[in-house]
Amino acid sequence: MKKPASRDVTRRQLLTRAATLAAPAIVSPWALAQDKYPNRPITLIAPWPTGGSSDAVMRAFAESAGRALGGTVIVENKPGAGGTLGAAAMVNAKPDGYLLTQLPLGIYRIPHMQKTSFDPVKDITHIVCLTGYTFGLAARPDAPYKTLKEMVAYARANPGKVAYGHTGTGTTPHLAIEEFAAKAGITLQDIPYKGSAEIMQAILGGHIPLMSGTTEFAPHVKAGKLNLLATLGSKRNKAFPDVPTVKESGWDTVTESPFGIGGPKNMDPALVKVIHDAFKKTLDDQRVLDTLDKFYQPVIYMDTAEYTAYAARTFAAEKATIDRLKAAGKI
(Lines give C-alpha, C1' and ligand atoms only; values in the text may rest on other atoms or scores of the structure.)
Protein backbone atom coordinates (compact mmCIF):
# COMPACT_ATOMS: atom_id res chain seq x y z
CA MET A 1 0.00 0.00 0.00
CA LYS A 2 1.40 3.40 -1.10
CA LYS A 3 1.96 6.12 1.45
CA PRO A 4 -0.22 9.18 0.67
CA ALA A 5 1.92 12.21 -0.23
CA SER A 6 -0.75 14.86 -0.57
CA ARG A 7 -0.43 16.02 3.03
CA ASP A 8 3.39 16.48 2.77
CA VAL A 9 3.09 18.32 -0.58
CA THR A 10 0.43 20.63 0.78
CA ARG A 11 2.54 21.36 3.84
CA ARG A 12 5.59 22.21 1.67
CA GLN A 13 3.51 24.49 -0.53
CA LEU A 14 2.16 26.36 2.48
CA LEU A 15 5.65 26.81 3.94
CA THR A 16 7.00 28.07 0.60
CA ARG A 17 4.12 30.51 0.21
CA ALA A 18 4.58 31.81 3.76
CA ALA A 19 8.29 32.34 3.20
CA THR A 20 7.61 34.23 -0.01
CA LEU A 21 5.08 36.49 1.67
CA ALA A 22 7.42 37.13 4.59
CA ALA A 23 10.40 38.05 2.37
CA PRO A 24 10.80 41.82 1.94
CA ALA A 25 10.28 43.13 -1.58
CA ILE A 26 13.37 44.59 -3.24
CA VAL A 27 12.23 48.19 -3.69
CA SER A 28 14.54 51.18 -3.81
CA PRO A 29 14.24 53.72 -0.97
CA TRP A 30 13.43 56.43 -3.51
CA ALA A 31 10.66 54.37 -5.12
CA LEU A 32 9.03 53.90 -1.73
CA ALA A 33 8.89 57.66 -1.25
CA GLN A 34 8.50 58.83 -4.83
CA ASP A 35 5.14 60.42 -4.11
CA LYS A 36 7.04 62.96 -1.99
CA TYR A 37 9.34 64.14 -4.83
CA PRO A 38 9.92 66.99 -5.04
CA ASN A 39 9.40 68.15 -1.49
CA ARG A 40 11.83 71.08 -1.82
CA PRO A 41 13.12 73.21 -4.71
CA ILE A 42 15.21 71.54 -7.40
CA THR A 43 18.33 73.37 -8.56
CA LEU A 44 19.13 73.32 -12.27
CA ILE A 45 22.59 74.61 -13.14
CA ALA A 46 22.95 76.73 -16.27
CA PRO A 47 26.74 76.90 -16.81
CA TRP A 48 26.53 80.31 -18.49
CA PRO A 49 26.04 83.92 -17.36
CA THR A 50 22.62 85.47 -16.97
CA GLY A 51 21.19 87.41 -19.87
CA GLY A 52 22.23 85.20 -22.77
CA SER A 53 20.20 82.86 -24.97
CA SER A 54 21.26 79.75 -23.02
CA ASP A 55 20.12 81.31 -19.77
CA ALA A 56 16.73 82.25 -21.24
CA VAL A 57 16.16 78.78 -22.67
CA MET A 58 17.10 77.04 -19.43
CA ARG A 59 14.78 79.28 -17.43
CA ALA A 60 11.91 78.41 -19.77
CA PHE A 61 12.61 74.69 -19.33
CA ALA A 62 12.93 75.09 -15.55
CA GLU A 63 9.62 76.91 -15.16
CA SER A 64 7.76 74.40 -17.31
CA ALA A 65 9.37 71.34 -15.69
CA GLY A 66 8.55 72.72 -12.25
CA ARG A 67 4.87 72.86 -13.19
CA ALA A 68 5.01 69.31 -14.56
CA LEU A 69 6.62 68.05 -11.36
CA GLY A 70 4.31 69.99 -9.07
CA GLY A 71 7.26 71.79 -7.52
CA THR A 72 9.85 74.48 -8.22
CA VAL A 73 12.98 74.30 -10.39
CA ILE A 74 15.42 77.12 -9.69
CA VAL A 75 18.11 78.04 -12.24
CA GLU A 76 21.57 78.65 -10.78
CA ASN A 77 24.09 80.27 -13.14
CA LYS A 78 27.66 78.95 -12.95
CA PRO A 79 29.58 80.57 -15.82
CA GLY A 80 33.18 79.86 -16.71
CA ALA A 81 35.45 76.89 -17.44
CA GLY A 82 33.97 76.49 -20.91
CA GLY A 83 30.53 75.56 -19.63
CA THR A 84 31.74 72.57 -17.58
CA LEU A 85 31.00 73.77 -14.04
CA GLY A 86 27.58 72.12 -14.02
CA ALA A 87 29.04 68.76 -14.95
CA ALA A 88 31.77 69.17 -12.33
CA ALA A 89 29.12 69.88 -9.67
CA MET A 90 27.57 66.45 -10.31
CA VAL A 91 30.60 64.52 -9.07
CA ASN A 92 29.96 65.00 -5.35
CA ALA A 93 26.22 65.65 -5.52
CA LYS A 94 23.66 63.32 -4.01
CA PRO A 95 21.76 61.36 -6.67
CA ASP A 96 18.43 62.44 -5.20
CA GLY A 97 17.17 64.57 -8.08
CA TYR A 98 17.58 67.92 -6.34
CA LEU A 99 20.67 69.02 -8.29
CA LEU A 100 20.58 68.82 -12.09
CA THR A 101 22.52 70.52 -14.86
CA GLN A 102 22.46 71.45 -18.50
CA LEU A 103 24.94 69.33 -20.48
CA PRO A 104 26.55 71.38 -23.28
CA LEU A 105 28.76 69.75 -25.88
CA GLY A 106 31.92 71.07 -24.28
CA ILE A 107 31.74 68.59 -21.41
CA TYR A 108 32.64 65.80 -23.86
CA ARG A 109 35.56 67.76 -25.30
CA ILE A 110 37.36 69.61 -22.52
CA PRO A 111 38.41 66.45 -20.60
CA HIS A 112 40.50 65.62 -23.68
CA MET A 113 42.17 69.02 -23.47
CA GLN A 114 42.92 69.37 -19.78
CA LYS A 115 42.49 67.59 -16.49
CA THR A 116 38.91 67.77 -15.20
CA SER A 117 37.26 66.55 -12.02
CA PHE A 118 34.63 64.59 -13.93
CA ASP A 119 34.22 61.90 -16.56
CA PRO A 120 31.26 62.94 -18.74
CA VAL A 121 30.20 59.36 -19.34
CA LYS A 122 30.86 57.68 -15.97
CA ASP A 123 30.06 60.53 -13.56
CA ILE A 124 26.80 61.81 -15.07
CA THR A 125 23.33 60.38 -15.54
CA HIS A 126 22.11 61.53 -18.94
CA ILE A 127 18.39 62.01 -18.39
CA VAL A 128 16.93 63.62 -21.50
CA CYS A 129 18.05 65.62 -24.54
CA LEU A 130 15.79 68.54 -25.41
CA THR A 131 17.21 70.92 -28.00
CA GLY A 132 20.41 72.13 -29.58
CA TYR A 133 22.31 75.22 -30.61
CA THR A 134 22.61 76.75 -34.04
CA PHE A 135 26.10 78.14 -34.56
CA GLY A 136 27.12 80.95 -36.83
CA LEU A 137 29.86 83.42 -37.69
CA ALA A 138 28.65 87.04 -37.64
CA ALA A 139 30.50 90.27 -38.41
CA ARG A 140 29.98 93.95 -37.89
CA PRO A 141 28.49 95.71 -40.94
CA ASP A 142 31.62 97.90 -41.20
CA ALA A 143 33.96 94.89 -41.40
CA PRO A 144 35.95 94.79 -44.67
CA TYR A 145 34.17 91.59 -45.78
CA LYS A 146 30.53 90.72 -46.43
CA THR A 147 30.73 86.97 -47.06
CA LEU A 148 32.67 84.06 -45.62
CA LYS A 149 34.76 83.77 -48.78
CA GLU A 150 35.63 87.46 -48.57
CA MET A 151 36.61 87.06 -44.91
CA VAL A 152 38.90 84.16 -45.80
CA ALA A 153 40.54 86.20 -48.56
CA TYR A 154 41.02 89.13 -46.17
CA ALA A 155 42.49 86.86 -43.47
CA ARG A 156 44.92 85.36 -45.94
CA ALA A 157 46.06 88.83 -46.92
CA ASN A 158 46.27 89.90 -43.25
CA PRO A 159 47.44 86.82 -41.29
CA GLY A 160 46.68 86.97 -37.56
CA LYS A 161 44.95 90.35 -37.79
CA VAL A 162 41.34 89.15 -37.96
CA ALA A 163 40.03 88.76 -34.41
CA TYR A 164 36.88 86.92 -33.38
CA GLY A 165 35.15 86.46 -30.02
CA HIS A 166 33.83 83.17 -28.67
CA THR A 167 32.36 81.73 -25.46
CA GLY A 168 35.58 80.37 -24.00
CA THR A 169 38.59 78.24 -24.85
CA GLY A 170 37.51 74.72 -25.70
CA THR A 171 33.86 75.57 -26.31
CA THR A 172 32.16 74.64 -29.56
CA PRO A 173 32.12 78.22 -30.95
CA HIS A 174 35.89 78.30 -30.41
CA LEU A 175 36.96 74.94 -31.79
CA ALA A 176 34.49 74.94 -34.67
CA ILE A 177 36.09 78.11 -36.05
CA GLU A 178 39.61 76.87 -35.39
CA GLU A 179 38.86 73.70 -37.33
CA PHE A 180 37.33 75.76 -40.14
CA ALA A 181 40.34 78.12 -40.15
CA ALA A 182 42.72 75.19 -40.43
CA LYS A 183 40.83 73.85 -43.43
CA ALA A 184 40.68 77.34 -44.97
CA GLY A 185 44.41 77.87 -44.43
CA ILE A 186 44.02 81.06 -42.39
CA THR A 187 45.15 82.25 -38.96
CA LEU A 188 42.63 84.07 -36.76
CA GLN A 189 43.11 85.80 -33.42
CA ASP A 190 40.65 84.32 -30.91
CA ILE A 191 39.32 86.28 -27.94
CA PRO A 192 37.48 84.29 -25.24
CA TYR A 193 34.46 85.65 -23.33
CA LYS A 194 32.44 84.14 -20.51
CA GLY A 195 29.22 83.85 -22.47
CA SER A 196 26.99 85.11 -25.23
CA ALA A 197 25.91 88.27 -23.39
CA GLU A 198 29.54 89.46 -23.12
CA ILE A 199 30.21 88.68 -26.77
CA MET A 200 27.21 90.72 -27.89
CA GLN A 201 28.36 93.70 -25.84
CA ALA A 202 31.83 93.40 -27.35
CA ILE A 203 30.83 93.17 -31.01
CA LEU A 204 28.01 95.69 -30.85
CA GLY A 205 30.34 98.05 -29.00
CA GLY A 206 32.95 97.79 -31.75
CA HIS A 207 35.58 95.97 -29.66
CA ILE A 208 35.72 92.96 -32.01
CA PRO A 209 34.79 92.76 -35.70
CA LEU A 210 33.71 89.12 -35.75
CA MET A 211 32.03 86.60 -33.45
CA SER A 212 31.41 82.88 -33.34
CA GLY A 213 28.42 81.93 -31.26
CA THR A 214 24.89 80.67 -31.04
CA THR A 215 21.88 82.52 -32.34
CA GLU A 216 21.98 85.31 -29.77
CA PHE A 217 23.21 87.24 -32.80
CA ALA A 218 19.96 86.58 -34.71
CA PRO A 219 17.89 89.64 -33.66
CA HIS A 220 20.84 91.89 -34.39
CA VAL A 221 21.24 90.32 -37.82
CA LYS A 222 17.52 90.87 -38.44
CA ALA A 223 17.92 94.51 -37.35
CA GLY A 224 20.88 95.05 -39.67
CA LYS A 225 23.35 95.58 -36.84
CA LEU A 226 25.33 92.44 -37.71
CA ASN A 227 26.06 90.55 -40.91
CA LEU A 228 25.75 86.74 -40.75
CA LEU A 229 28.54 85.27 -42.87
CA ALA A 230 27.65 81.60 -42.47
CA THR A 231 26.00 79.03 -40.23
CA LEU A 232 27.77 75.86 -39.13
CA GLY A 233 25.09 73.18 -39.31
CA SER A 234 24.56 70.45 -41.88
CA LYS A 235 21.88 72.54 -43.60
CA ARG A 236 20.76 76.16 -43.72
CA ASN A 237 18.88 77.62 -40.79
CA LYS A 238 15.21 78.17 -41.65
CA ALA A 239 15.36 81.68 -40.18
CA PHE A 240 18.20 82.65 -42.54
CA PRO A 241 17.50 80.74 -45.76
CA ASP A 242 19.77 83.00 -47.82
CA VAL A 243 22.82 82.49 -45.60
CA PRO A 244 25.02 79.55 -46.70
CA THR A 245 26.58 77.02 -44.38
CA VAL A 246 30.35 76.82 -44.00
CA LYS A 247 30.25 73.55 -45.91
CA GLU A 248 28.29 75.13 -48.77
CA SER A 249 30.88 77.90 -48.88
CA GLY A 250 33.56 75.36 -49.68
CA TRP A 251 35.00 74.08 -46.39
CA ASP A 252 33.96 70.71 -44.99
CA THR A 253 33.09 71.80 -41.44
CA VAL A 254 29.78 70.87 -39.82
CA THR A 255 29.06 71.67 -36.17
CA GLU A 256 25.83 70.72 -34.40
CA SER A 257 25.29 70.63 -30.67
CA PRO A 258 22.37 68.84 -29.00
CA PHE A 259 22.00 69.40 -25.25
CA GLY A 260 19.80 68.26 -22.43
CA ILE A 261 19.54 67.60 -18.71
CA GLY A 262 21.77 65.45 -16.54
CA GLY A 263 22.26 64.53 -12.91
CA PRO A 264 24.79 62.72 -10.71
CA LYS A 265 25.68 59.09 -11.35
CA ASN A 266 23.79 56.28 -9.60
CA MET A 267 20.39 57.94 -9.79
CA ASP A 268 17.48 55.60 -9.18
CA PRO A 269 15.91 54.61 -12.54
CA ALA A 270 12.45 55.39 -11.19
CA LEU A 271 13.58 58.92 -10.27
CA VAL A 272 15.25 59.35 -13.66
CA LYS A 273 11.98 58.42 -15.35
CA VAL A 274 10.02 61.00 -13.34
CA ILE A 275 12.47 63.77 -14.25
CA HIS A 276 12.68 62.60 -17.87
CA ASP A 277 8.91 62.62 -18.24
CA ALA A 278 8.61 66.11 -16.73
CA PHE A 279 11.21 67.61 -19.06
CA LYS A 280 9.84 65.76 -22.06
CA LYS A 281 6.48 67.34 -21.28
CA THR A 282 8.09 70.78 -21.56
CA LEU A 283 8.43 70.15 -25.30
CA ASP A 284 4.63 70.35 -25.51
CA ASP A 285 4.58 73.70 -23.68
CA GLN A 286 3.96 76.52 -26.14
CA ARG A 287 5.85 78.97 -23.94
CA VAL A 288 8.94 76.75 -24.17
CA LEU A 289 8.54 76.30 -27.92
CA ASP A 290 8.20 80.05 -28.36
CA THR A 291 11.45 80.56 -26.45
CA LEU A 292 13.23 78.00 -28.61
CA ASP A 293 11.91 79.72 -31.73
CA LYS A 294 13.08 83.07 -30.41
CA PHE A 295 16.64 81.78 -30.34
CA TYR A 296 16.27 79.62 -33.44
CA GLN A 297 16.80 76.37 -31.57
CA PRO A 298 15.14 73.20 -32.86
CA VAL A 299 13.60 70.47 -30.71
CA ILE A 300 16.10 67.59 -30.49
CA TYR A 301 14.60 64.92 -28.26
CA MET A 302 16.47 61.83 -27.04
CA ASP A 303 15.23 59.59 -24.25
CA THR A 304 17.51 58.39 -21.46
CA ALA A 305 18.90 55.38 -23.33
CA GLU A 306 19.47 57.33 -26.54
CA TYR A 307 21.07 60.24 -24.72
CA THR A 308 23.38 57.94 -22.78
CA ALA A 309 24.52 56.29 -26.00
CA TYR A 310 24.99 59.72 -27.61
CA ALA A 311 27.23 60.78 -24.71
CA ALA A 312 29.58 57.82 -25.10
CA ARG A 313 29.69 58.22 -28.88
CA THR A 314 30.33 61.97 -28.72
CA PHE A 315 33.02 61.65 -26.06
CA ALA A 316 34.97 59.37 -28.40
CA ALA A 317 34.37 61.61 -31.44
CA GLU A 318 35.53 64.72 -29.59
CA LYS A 319 38.81 63.02 -28.71
CA ALA A 320 39.45 62.47 -32.39
CA THR A 321 38.73 66.15 -33.11
CA ILE A 322 41.01 67.39 -30.33
CA ASP A 323 43.82 65.09 -31.38
CA ARG A 324 43.53 66.39 -34.95
CA LEU A 325 43.57 70.06 -33.90
CA LYS A 326 46.45 69.52 -31.48
CA ALA A 327 48.44 67.91 -34.28
CA ALA A 328 47.70 70.98 -36.40
CA GLY A 329 48.90 73.29 -33.58
CA LYS A 330 45.53 75.03 -33.30
CA ILE A 331 44.92 74.39 -29.60
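This is a predicted model: local features need pLDDT of at least 70, side-chain atom pairs count only at pLDDT 80 or more; totals for chains, interfaces and linings use all residues.
**Overall make-up**

Let us start with the whole chain. The protein has 331 residues, and 50% of them are buried. Its secondary structure comprises 11 helices and 11 strands. Taking contacts between residues at least 6 apart in sequence, 76% link residues that are at least 24 apart. The exposed surface comes to about 15800 Å², with 55% of it supplied by carbon and sulfur atoms.

As a general background, nonpolar side chains in soluble globular proteins tend to be buried together. In this model, the largest nonpolar core holds 55 residues, and Met151, Phe180 and Phe279 have the most contacts inside it. Helix 3 (residues 53–69) gives this core its largest share, seven residues. Another core, of 16 residues, lies apart from it and includes Tyr193, Met200, Ala218 and Leu228.

Once neighbours within four places in sequence are set aside, its contacts are Leu137, Tyr145, Val162, Phe180, Ile186, Leu188, Leu210 and Leu229. Phe180, then, is a contact of Met151 and also one of the residues with the most contacts inside the largest core.

**Helix 3 and its partner**

On the helix 3 side, Ala56, Val57, Ala60, Phe61, Ser64 and Arg67 take part, and they meet Arg287, Val288, Thr291 and Leu292 of helix 10. By type, the residues of this contact are six nonpolar, two polar and two charged.

Ser53 also belongs to helix 3. Is this residue buried or exposed? Since buried means under 20% relative accessible area, Ser53 with its 2% is buried. Not counting residues up to four places away in sequence, Ser53 touches Ser196, Thr214, Glu216 and Phe295.

**A residue in strand 10**

Pro264 sits in strand 10 and is buried, at a relative accessible area of 1%. Leaving out residues up to four places away in sequence, Pro264 touches Met90, Ala93, Lys94, Pro95, Leu99, Asp123 and Thr125.

| Residue pair | Separation in sequence | C-alpha to C-alpha distance |
|---|---|---|
| Ser53 and Leu292 | 239 residues | 9.2 Å |
| Pro264 and Met90 | 174 residues | 4.7 Å |

**Backbone details in the loops**

The peptide bond between Tyr37 and Pro38 is cis, with omega about -5°. Pro38 is placed in the loop that runs between helix 2 (29–32) and strand 1 (42–46).

Which value does phi take at Asn266? Phi there is near 65°, which is positive in a residue other than glycine. Asn266 lies in the loop between strand 10 (257–264) and helix 9 (269–282), and its relative accessibility of 64% makes it exposed. Tyr296, likewise a residue other than glycine, has a positive phi near 60°. Tyr296 is found in the loop between helix 10 and strand 11 (299–302).

Conventions:
Residues are numbered from 1 along each chain as its sequence is written. Side-chain values use heavy atoms; hydrogens and water are left out. A nonpolar core is a set of buried Ala, Val, Leu, Ile, Met, Phe, Trp, Tyr and Cys residues joined through side-chain atoms within 4.5 Å. Buried means under 20% relative accessible area, exposed over 50%, partly exposed in between (1.4 Å probe, protein chains only). Helices (H or I, at least four residues) and strands (E, at least two) are DSSP runs, numbered from the N terminus. Contact means heavy atoms within 4.5 Å. Accessible areas come from the Shrake-Rupley method with a 1.4 Å probe; for residues, only the protein chains shown count as cover. Ala, Val, Leu, Ile, Met, Phe, Trp, Tyr, Cys and Pro count as nonpolar, Asp, Glu, Lys and Arg as charged, and the others, Gly among them, as polar.
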